Structures are given as structure tokens and as C-alpha cells.
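Colleague: I would like to learn how to read cores, pockets and backbone features in a model like this one. Could we go through them feature by feature?

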Amino acid sequence: MRSIADQDGVAGLIDRLAQSIRRDAARSGKNQVWALVGIRSRGDLIAQRLAERLKDLVGDRVGSLDITLYRDDLSEIGAHAVVRTTEITFDIDQCQVVLVDDVLMTGRSIRAAIQSLMDIGRPRRVWLAVLVDRGGRELPIAPDHAALDLTDGSVPIAEDEVVEVHLKPTDDKDEILIRRKEGRR
Amino acid sequence: MTPATGQPYVWTHKHLLGLDYLSAQDIRFLLNTARGLADVSTRSVKKVPALRGRVVVNLFFESSTRTRASFTLAAERLTADVLDFTVQGSSVSKGETLRDTARNIEAMGVDVIVCRHPLSGATHQLAQSVKCSVVNAGDGQHEHPTQGLLDLYTLAQRLGRMETFDFTGITVAIVGDVAHSRVARSNIHGLRKLGGKVILVGPATLLPRGFADMGCELSNNLDEVLPRVDAVNMLRVQFERLTSQAFPSVREYATFFGLTTQRLRQAKPGLVVMHPGPINRGIEMDSAVADGAQSAVLSQVTNGLAVRMATLFLVVGAQGAAPAQA
């Protein structure tokens, strides 16, 4: 197990994400309504922290999305599936919605999240912002923003290793870890 | 939901036959799952793909409109296919009919059988004779677990206990024909497991002493009990099940055990009024009470959908992974 970012590192990465979302917003012109939707169970925490930095852009349009019911591996995970609430209290129709997740790998969660969003409403555009892109895609999905890009092989990750983002208050401290796979989180 | 130490909780019940067979943790997990599913019904597309390609069969040996409609809609909101199978009372022995019918249906390749049957224990027998999941939608005078669960959910919603589903310090009166009521039994098991206190109220003829062994207080006096409780669950007078003279007249029953506007004044201001439906207006409660602000009757119906979605989702999820158990 090794740490690739500590508390300050995580804060810096979230700053970077916020800045690049802001740049997109500036380019997209006026009169656009922006919103953040985080995928449970770490993306929602990142979305909340981004919202603190983007208060003027998104206001209180911050939601969390549970994708359990949209997963394509439900029959395999079976009894391990835990359904949590989806909390999106604003109207996403015509919104510029930034989907937020912690680690992007296969892209399957993102596919599920997009389908779920489309069932909730009709956003004008859906963006994807992730804290870490570790590569390993199984679907044609690419992030608009990745604060930490590991796809260039700069940090070697073995096949049996996972990248985990830990965030308070769900976890004890903020950090990004690479560790050996061991069952489900 | 995940304890600080040890293994994370996993739902292992392939069947839902009664709340008697679930732990407090099981019940809370199911109610939390229902919370996660409730918002599906408020969105523009009221459907999620969780049970796509699965088949749910409603196998009803007793007439039912509401429960069946609720299960059907719940299954459809999870994108399952639904088959309705109604068996009217016939001269054939019920036990044989049940087994044969169930095996015939199972041969069509179904994943869940939702069964209502006039005999207590029928769904247990069914669960033993088929490989798919069985959900009890009411068996005789035994249990009606999804009704019990939706009552717990509604109570938690009204009393602000959705975060914990813990009913410590809460007292609920279940009023009426307790003897014949599967709704009462499921409620008693559920409330007791989640920390609540239960007072059963009714005429002595419909209130067997044995219920005291389930940890309930028994009373024949609604007026005395009403000021002490946080919620009442008014059971329907089931004319179809009352064979002997259980009480002298409907009017007398209504006088002693009906929830009238006048009687409601003796209760705590925030009293939650529940009824499993359909209401005999003027008997179990006045129309003014049934339609009043304290009535949770329509919330019960709405919540029934979420609870049944959670039930179907979880029993299917436990298939294969779980050891065989009720």
C-alpha cells in the first residue's frame, strides 16, 4: 500500500478541478445554468468540495447520484448491492451538469450514471470531472477533466492493484492510495 | 449500515415469508433500501433497469386488488416482466393445487413468485417446493410482511426516524380483530424488533391471551390506551373471516373501537393514524379521521410501492449467493 497524495495533495487536485470547470464555464457563454452531480460514495463528497470553490457558479445545485440500480453487474454482485438515496433537488433540464467521480477506470460507472441522469431529466450537456484517471477503459468514455492523470504510466500500477480515494468524513483522512485488491469496499 | 468492525452487512434472504424470520438489522437494511428506491417514483422516468429480464409472478389464491397492483407496479418500476396468475377457490385440495400450480409456473422460468393464500404457512410450503424466490403477500392469519414493512416505513417517516429506523420510546396501538389479522402479526414482530412497544386493543373475543407472550400489552379499552400511544393502526373488520359472533353488532364495535373525531381529541397531538385498507368508513374510523391531517393512509399506499420494490430487488439479489433460509 502506498500513498500518492496526502491531505494537501487532495486539496490541490480539487482546486485544479474547480479551476478547469471554471474555464469551461467561462467559455460556454452567459446564461448557462451549471450544476454538480457526484456519484456515490466518494464522488458526492468531491462534488460538495467543488461546490464550496464554485459557489458563484453552481449555487446550491449540488446533487448526489446512486447508480446501484443501473449497474451492469448486478447479477454478479447480487446480495452485495447496497442501494442509497439519489438526492438531486434541482431541475437538471437544460443544465450544464458536471458528473463528478473519484476514480475513472473501466467507464462502466459513468455509463450507468449517464443513463440514470437521462431518466431524471434532460441536461443540456453532461461533463465528466474525475479526481484520478487510472486508465483501463472498457467503454468509449473520456473525462473532460482529470485532476490526476495516471494513464501515462508515470505511477506504475499493477494489475491486481486498485486506486482508492479516501475523503473525510466517510474516511479518517483525505488521501489517495494504491493498494492490493481485497474484496469489496 | 456497515459496522465499524467485522464484515459488512449482507442481505441473505432469498425469500420474504415473514418479519418473524428477519433480524432488526435485516429489517433496517430493507427499509433503507426502500428509501433509496422511493425517489424512482418521483422522477420523469419512473423506471430503473435493476431487474431487467427478470420475471415476477403474482400467484393469488385470494382476491386482492391493492396488494397485487402495488406488487405489479413495483416489479414494473424495476423493469421486471410481470405475469398475473389468479386461482379461484376450487374443490381441489388446496395443498395439491398450490404445489402443482407453483411447479407449473416455475417451469415457465420465473425468478420471483409473489403469493397470497388463505392458509397460514402456505408460502412456506411453496418456498420448499420451488427453486425461485417466494414473497409472502399474505398467508391466512399468519403474516403479511410487506404490509408490516410499509407500516414501519410510514411510521418512521411521520415520526422523523428515517435515519435510524429505531422505534425506541415509541408505543403503537393495534386496534381491532387482532386474532384473525396477519397485518397485526407482521407489525408486532417488526415493531418489537426495532425497539417499539405494542398495545393490542380489541374485544376480548378477538384478542387471544397468547399475544401477551409476543411481548405485547393487551387491552379492551381504547379510551384508556389512546392518550398513551404515538400511533394507532386500525385493523379492518374482516367480515369475510368472522364466522361466529365475535361481537354483538357492528354498531357496538364502532362505539367501543372506532376512531371518531371526538375520541381523537384524547390522543397525543401528533398521533399517527394508520389503516391497512380498505377502510370501512364509520366502523374502524370516521371519514373525518380517515381524511384528516393525522391520517397516514395514503402515505402507506405510496410507501408500499418503495417497500415492495426493495423486497423484490433484495430477494433476487440473494439468489445463488445465499444459504437456503427463510
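Colleague: From which domains of chain B does the lining of the second largest pocket draw at least three residues each?

Modeller: A caution before the reply: this is a predicted model. The lining draws at least three residues from each of domain 1 (19-144 + 303-317) and domain 2 (145-301) of chain B.

Colleague: What is the general idea behind finding such space, and how much space lies in the second largest pocket?

Modeller: Rolling a probe the size of a water molecule over the atoms shows where empty space is left. Here, about 780 Å³ of space lies in the second largest pocket.

Colleague: Which residues of the lining are the closest to the centre of the second largest pocket?

Modeller: The lining has 30 residues, and the closest to the centre are Arg66(B), Thr67(B), Arg116(B), Gly277(B) and Pro278(B). By class, the lining has 14 polar, eight charged and eight nonpolar residues.

Colleague: Which helix gives the most to that lining?

Modeller: α11(B) does, with seven residues. At least two lining residues come from each of α2 (66-77), α5 (145-159), α6 (182-193) and α11 of chain B.

Colleague: Gly277(B) and Pro278(B) are both among the residues closest to the pocket centre. Which form does the peptide bond between Gly277(B) and Pro278(B) take, cis or trans?

Modeller: That bond is cis, with omega near -10 degrees. Pro278(B) sits in the loop between β9 (272-274) and α10 (287-290) of chain B. The loop between β7 (161-166) and β8 (175-180) of chain A holds Pro169(A).

Colleague: Back to the domains. How far apart do the C-alpha centres of domain 1 and domain 2 of chain B lie?

Modeller: The centres lie 25 Å apart. The contact between the domains takes 33 residues from domain 1 of chain B and 32 residues from domain 2 of chain B.

Colleague: Now the cores. What is the general idea, and how many residues has the largest nonpolar core?

Modeller: In soluble globular proteins, nonpolar side chains tend to be buried together. The largest nonpolar core here has 92 residues, and Leu200(B) and Leu312(B) have the most contacts inside it. Helix α11 (residues 297-317) of chain B gives the most to this core, with 10 residues. The core draws at least three residues from each of domain 1 (19-144 + 303-317) and domain 2 (145-301) of chain B. Apart from it lies another core, of 32 residues, including Leu50(A), Val103(A), Trp127(A) and Leu131(A).

Colleague: What does Leu312(B) touch, leaving out residues up to four places away in sequence?

Modeller: Its contacts are Leu51(B), Val56(B), Phe71(B), Ala74(B), Ala75(B), Leu78(B), Val112(B), Val114(B) and Val135(B).

Colleague: Leu314(B) is also in helix α11 of chain B. Why does Leu314(B) count as buried?

Modeller: Leu314(B) counts as buried because its relative accessibility is 5%, and the cut-off is under 20%. Beyond its neighbours within four places in sequence, Leu314(B) is in contact with Trp11(B), His13(B), Phe29(B), Leu30(B) and Thr33(B).

Colleague: How many cavities of 30 Å³ or more does the structure hold?

Modeller: One. The largest cavity has a volume of about 60 Å³. Its lining includes Asp66(A), Tyr70(A) and Arg84(A), together with Asp39(B) and Arg43(B). By class, that lining has five nonpolar, three polar and four charged residues.

Notes
Residues are numbered from 1 along each chain as its sequence is written. Chains are lettered from A and ligands numbered from 1 in the order in which they are written. This is a predicted model: local features need pLDDT of at least 70, side-chain atom pairs count only at pLDDT 80 or more; totals for chains, interfaces and linings use all residues. Side-chain values use heavy atoms; hydrogens and water are left out. A nonpolar core is a set of buried Ala, Val, Leu, Ile, Met, Phe, Trp, Tyr and Cys residues joined through side-chain atoms within 4.5 Å. Buried means under 20% relative accessible area, exposed over 50%, partly exposed in between (1.4 Å probe, protein chains only). Helices (H or I, at least four residues) and strands (E, at least two) are DSSP runs, numbered from the N terminus. Domain bounds come from an automatic or database domain assignment. Contact means heavy atoms within 4.5 Å. On a 1 Å grid over the protein atoms alone, a cavity is a set of points where a 1.4 Å probe fits but cannot get out, and a pocket is an open set with protein on both sides within 12 Å along at least five of seven lines; lining residues have an atom within 4 Å of a point. Grid points are joined across faces, edges and corners, and a volume is the space filled by probe spheres set on the points. Ala, Val, Leu, Ile, Met, Phe, Trp, Tyr, Cys and Pro count as nonpolar, Asp, Glu, Lys and Arg as charged, and the others, Gly among them, as polar.
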